[in-house]
Amino acid sequence: FFFQAEDGIRDSSVTGVQTCALPIFLTYGMSYSHQRFSTLKQIDKQTVSRLVPAWSYSLDSNTGEESQALVLDGTMYITSHDKTVALDAVTGKEIWKNTVNYPTDPLKTVCCGIVNRGGALFNGKFYRTILDGRVQAIDAKTGREIWNVKSGETSEGLAMTGAPLIANGVVIVGVAGSEFSARGYLEGYDAETGKRLWRHYTVPKAGEPGADTWPDNAANARGGSTWTTGSYDPDLDLVYWGVGNPSPWNPLDRKGDNLFTNTILAIKPKTGEFAWYYQTSPNDPFDHDNVNSLILADLNTGGQMRKVVMQASRNGFFYVLDRANGKLLAA
């Protein structure tokens, strides 16, 4: 739905249409900080009661709809699991529609809803993931596909439902699949060409950092989904991403802390290298799935302004960390 005011609030650039100034939202979370806060002032406590429906558009799908709308130059972009659409944000008129085709096999193994959570806008392109483990770039003006690359195999329990994050020219995506014993990862693609630049698994194998926190030296390490979009600090050039639960669910089958599951990661977008990590639920027996959004802010803590990253974790704690080094400031 797009709402307009019943009276009085106008965008002078759109003759006769009573509407607020159109926002610009380019990324999931409304900004790199994930604060989900709009600075627009035309809708406030006094005017909000005058909002009424202006138009609606059906995505013609009987599955869940979890896409966050993005808006640029008066165009609104919405995804579903099987399509991407661009709409005139004032009238709701469809500008273009790009239909997604994929085999039915992913529907047997995707966890927790056949959905897509949205995309990212960057340099004239709209980026999204596709359920069967693909990443797609679309021309934002025409809806024409520019590139489409394969990331993972659904036969391994993987699925892609999350919105990409564009950081320092890199398209960063994560995966779902812990419930089907997939091995989670994050990976980065060149925004122009779709070339994969790096992949970093969130659970180690023998000889890799963190392997000693799994039984059998991580021979059977699984889990660590990354399906919620991360946040980004351009000044530090660090991306912050939450990692999900380990697999199998029974902790007696995987004694140890099980890094890097249920962990807050800080990564370098150009290489995927871990800068620091903070684990919230070692040896998780409760399916805490620590992928909740990571919110960036500058806060006064103990009389000192600190750049922090915050998370309301599923284990019941609210964490405040120094986002430069991962030091715990409060929980």
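Author: Gladly, and let us begin with contact, which here means heavy atoms within 4.5 Å. Leaving out residues up to four places away in sequence, T226 touches G174, V175, Y185, L186, T202, W241, G242 and V243. A word on the ground rules: this is a predicted model, where local features need pLDDT of at least 70, side-chain atom pairs count only at pLDDT 80 or more, and totals for chains, interfaces and linings use all residues. Residues are numbered from 1 along each chain as its sequence is written, and side-chain values use heavy atoms, with hydrogens and water left out.

Reader: What is the mean pLDDT of the protein?

Author: pLDDT is the predictor's confidence in each residue, from 0 to 100. Here the mean is 91, and 94% of the residues reach 70 or more. Over residues 5-18, though, the pLDDT is below 50; that stretch has 28 contacts in the model beyond near neighbours in sequence.

Reader: Back to T226: where is it found, and is it buried or exposed?

Author: Strands (E, at least two residues) and helices (H or I, at least four) are DSSP runs, numbered from the N terminus. T226 belongs to the loop between β15 and β16. Buried means under 20% relative accessible area, exposed over 50%, and partly exposed in between, with a 1.4 Å probe and protein chains only. T226 has 1% relative accessibility, so it counts as buried. G224 is found in the loop between β15 (222-223) and β16 (231-233), and it is buried with a relative accessible area of 0%. Among the residues that G224 touches are Y185, T202 and V243.

Reader: Which side chains make polar contacts with R117?

Author: A polar contact is a pair of N or O atoms within 3.5 Å; within protein, one must be able to donate a hydrogen and the other to accept it, and residues adjacent in sequence count only if both atoms are side-chain atoms. The side chain of R117 makes one with the side chain of E66 at 3.2 Å, and another with that of T161 at 2.4 Å. R117 sits in the loop between α1 (106-109) and β7 (120-122), and counts as buried at 11% relative accessibility.

Reader: How many aromatic pairs does the structure hold?

Author: Rings of Phe, Tyr and Trp (its six-membered ring) pair if their centres lie within 6.5 Å; planes under 30 degrees apart count as stacked, over 60 as edge-to-face and the rest as tilted. The structure holds eleven such pairs. One of them, Y77 with W96, is tilted, at 6.1 Å centre to centre and 50° between the planes. Y77 lies in strand β4 (residues 75-80) and W96 in strand β6 (residues 94-99), so this pair ties together parts 19 residues apart in sequence.

Reader: Which residues in the largest nonpolar core touch the most other members?

Author: A nonpolar core is a set of buried Ala, Val, Leu, Ile, Met, Phe, Trp, Tyr and Cys residues joined through side-chain atoms within 4.5 Å. Of the 16 residues in the largest core, Y127, V135, W147, V171, V173 and Y189 touch the most other members. β9 (134-139), β10 (145-150), β12 (170-174) and β13 (185-190) are the elements that give two or more residues to this core. A second, separate core of 15 residues includes A167, W241, L265 and I267.
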